[in-house]
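I opened this entry to keep a plain record of what I looked up, in the order in which I looked.

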Amino acid sequence: MKILLAISVFAAIGILPAAQQPIAYSHKQHIAMGLACLDCHSTADTQAAATIPSVRKCMLCHAKLGTSKPEIQKIAGFAKSGQEIPWERVYGFLPKAAVKFQHAPHTRAGVVCATCHGDMTIATTAQPLVNHTMGTCLTCHRANKASEDCATCHY
């Protein structure tokens, strides 16, 4: 009974199950080379969604870098076939949570990516590092004097 209750609560607030990624992508490795979040998630400061990078974006570097590595060869295979990499979304809210999260206003307000996504300098796989709940969002909104009106985040 407790397990079913926990699953219901997690589903209601929008926690996604652990993702099985098609490529062993390491945020840690890319950040160590000097890449910033916006280098790959280029719309996080201008649009609602941060977007998952396209295979074309990956190939901007990997057409020449690391071409002998098996994971890079997988990326090149997707590019050659004209298919996007079928990444599993790591963060998001289920429709029944009725959340309309917008990246751009948070970025413009100076909220650093690590606030919601955790310390990606230690992330060796694309998995969630932060558990998003209404409480974590409200705590941040209160600390930063952002709106706590329900309609700010919910529709």
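I take helices (H or I, at least four residues) and strands (E, at least two) as DSSP runs, numbered from the N terminus. This is a predicted model, in which local features need pLDDT of at least 70, side-chain atom pairs count only at pLDDT 80 or more, and totals for chains, interfaces and linings use all residues. Residues are numbered from 1 along each chain as its sequence is written, and side-chain values use heavy atoms, with hydrogens and water left out.

**Overall make-up.** I counted the elements and found nine helices and zero strands in the protein. For burial I used relative accessible area (buried under 20%, exposed over 50%, partly exposed in between, with a 1.4 Å probe and protein chains only). On that scale, 22% of the 155 residues are buried. I then looked at contacts, meaning heavy atoms within 4.5 Å. Among the contacts with a separation of 6 or more, 68% join residues 24 or more positions apart.

**Two positive phi values.** I noted first, as background, that most residues other than glycine have a negative phi. Thr51 sits in the loop between helix H3 (37-40) and H4, and its phi is near 65°, a positive value in a residue other than glycine. Thr51 is partly exposed, with a relative accessible area of 32%. Ala98, in the loop between H5 and H6, also has a positive phi, of about 55°, although it is not a glycine.

**The core.** Which residues make up the largest nonpolar core? By a nonpolar core I mean a set of buried Ala, Val, Leu, Ile, Met, Phe, Trp, Tyr and Cys residues joined through side-chain atoms within 4.5 Å. The largest one has 10 residues, namely Ile23, Tyr25, Val55, Cys58, Met59, Ile72, Ile75, Phe78, Ile85 and Trp87. Helix H4 (55-62) and helix H5 (70-81) are the elements that give two or more residues to this core.

**The cavity.** I searched on a 1 Å grid over the protein atoms alone, where a cavity is a set of points at which a 1.4 Å probe fits but cannot get out, and lining residues have an atom within 4 Å of a point. Grid points are joined across faces, edges and corners, and a volume is the space filled by probe spheres set on the points. The search of the whole structure gave one cavity of 30 Å³ or more, and the largest cavity has a volume of about 100 Å³. Its lining consists of Ala44, Phe101, His103, His106, Thr107, Val111, Val112, Cys113, Cys116 and His117. Helix H6 (103-108) and helix H7 (113-117) are the elements that give two or more residues to that lining.

Ser26, in the loop between helix H1 (2-13) and helix H2 (27-32), is buried at 12%; leaving aside neighbours within four places, Ser26 is in contact with Ala123 and Thr124.

Conventions. 1 Å grid on protein atoms, 1.4 Å probe; cavity = no way out; pocket = protein on both sides within 12 Å on 5 of 7 lines; lining within 4 Å.
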